[in-house]
Amino acid sequence: MKFDSSRPIYRQIIDSYKKQLIRGELKTGDKILSQREYAEQARINPNTVQRAYREMEALQMVETQRGQGTFIIAAEPMLTEIKLEMARDVLEYFVGEMKSLGYTCAQMISMLEEEEKEQGGGF
Amino acid sequence: MIEFKEVSKRFGSTLALDKLDANFPTGKIIGLFGPNGAGKSTSIKMIAGLNRPDQGQVLIDGELPRMSKARIAYLPEIDHLYPWMTIGQAAGFTRSFYVDWDNNKYHELLKYLNLSAEMKIGKISKGQRAKTKLLFTVARRAPYLLMDEPLSGIDILTREEIINTLVRDYREGEQTIIISTHEIAEVESLVDEVFFIDQGKIMLSGSAEEFRVERGQSLVEIMKEAFRHVHQ
């Protein structure tokens, strides 16, 4: 995994797990990498991985069982919530960038509709 | 914790450290960043007890550096190993000085780093020498690791091996690693705490992740910004 050095790495770890959950690549009960395995594979500070895992535990996305490993516990309705939250982040970014280019909301909508047509009726 | 209290050091007419104040917290991987001649090596050597402050004080867990040598593993920037020794002989030599030498770890790392005990230090490549220095530092179970420019002049693949080894063997929470480098991009995701040093003073310090949260910038960008003001 490639990290963006200008954004907090622990958040990028959490976001990558959220995306895998939303896409269905990870499901309730799946075992994820241990903190050490993660740090080694991604070559990042083990303290940073620890922080991400702790936060995911606090969010009740995962659960660590002593001696067993870390498992996904997130299920509906949390997945819908995560999806909505990530969609809002993307939207906020998109709207912010478009506004800074001088586009109005109406213009954005018409551009989106055009884009949909170009991509053949539905992204 | 390692404390610098208004530490000054002069070499001839050059002021290497200028009333430098810093607290390096325990259990973190700490980056000491700055341009050449900023005072990085002088600071590291002072922690290792290899030079003394003209003024001020350096304390390691409340003790003077010369009392703390057993707890500090130091990787110098220069090639300090005897070129006529093999890696195995140099390991035996180093081991005799330190009670915390972990021989199992030494053998495991030797293999991991694709080195062998029979290699003669004077005849191996620069990258292999860098890995040998790392091996001798990490094979000790010291609570403090000091690394002075461990990546300087090393090819990209060897750099990756060095960073992998550090991550792999790091004992989180208990071990403190201080890495001095001017190649920040290489260690962006490795460090917890950063200290930007220039002209013998700490210009800026803080948690790498907090910097990213607050500024939305990489450490490289922060360093460029911090030093632009000074060098104008």
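Student: Okay, which residue in strand 4 of chain B is the bridge partner of S8(B)?
Tutor: Q55(B) is the partner of S8(B) there. Keep in mind that this is a predicted model.
Student: How many bridges join strand 1 to strand 4 in chain B?
Tutor: Five bridges join them, and the two strands run antiparallel. Strand 1 covers residues 2-11 of chain B.
Student: What holds paired strands together in general?
Tutor: Strands of a sheet pair through backbone hydrogen bonds, in a parallel or antiparallel way.
Student: And strand 1 with strand 2 of chain B, is that parallel or antiparallel?
Tutor: Antiparallel, over seven bridges. One example is V7(B), whose bridge partner in strand 2 of chain B is L20(B).
Student: How many residues sit between strand 1 and strand 2 of chain B?
Tutor: Two, and the strands form a hairpin. In the turn, G12(B) has a positive phi of about 60°.
Student: So what's the strand order in that sheet?
Tutor: In chain B the order is 2-1-4, in an open sheet of three strands with antiparallel pairing. Strand 2 (14-24) and strand 4 (55-60) of chain B are the edge strands, each pairing on one side only. On average, neighbouring strands of this sheet are turned by 25° against each other, ignoring direction.
Student: Which helix packs on the sheet?
Tutor: Helix 1 of chain B, residues 40-47. That helix touches strand 1, strand 2 and strand 4 of chain B, and its direction makes about 60° with that of strand 2 of chain B.
Student: Moving on to the core. Which residues have the most contacts inside the largest nonpolar core?
Tutor: I47(B), L135(B), L146(B), I177(B) and I178(B), in a core of 80 residues.
Student: What does I47(B) touch?
Tutor: Leaving out residues up to four places away in sequence, I47(B) touches I2(B), V58(B), I60(B), P65(B), I72(B) and L146(B).
Student: New topic: how many residues does each chain put into the contact?
Tutor: Chain A gives 16 residues and chain B gives 21 residues. On the side of chain A that touches chain B, helix 3 of chain A gives the most, with four residues. By class, that side of chain A has seven nonpolar, six polar and three charged residues.
Student: Last one, what domains does chain A have?
Tutor: The assignment gives domain 1 (9-72) and domain 2 (89-123). The C-alpha centres of those two domains of chain A lie 33 Å apart.

Definitions and conventions. Residues are numbered from 1 along each chain as its sequence is written. Chains are lettered from A and ligands numbered from 1 in the order in which they are written. This is a predicted model: local features need pLDDT of at least 70, side-chain atom pairs count only at pLDDT 80 or more; totals for chains, interfaces and linings use all residues. Two residues are in contact if their C-beta atoms, placed from the backbone, lie within 7 Å. Ala, Val, Leu, Ile, Met, Phe, Trp, Tyr, Cys and Pro count as nonpolar, Asp, Glu, Lys and Arg as charged, and the others, Gly among them, as polar. Domain bounds come from an automatic or database domain assignment. A nonpolar core is a set of buried Ala, Val, Leu, Ile, Met, Phe, Trp, Tyr and Cys residues joined through C-beta atoms within 7 Å. A residue is buried if 20 or more other C-beta atoms lie within 10 Å of its own, exposed if 12 or fewer, and partly exposed in between; C-beta atoms are placed from the backbone. Two strands pair if DSSP finds at least two bridges between them. Axes are lines fitted to C-alpha atoms, for helices over the stretch in contact, and angles run from 0 to 180 degrees between N-to-C directions.
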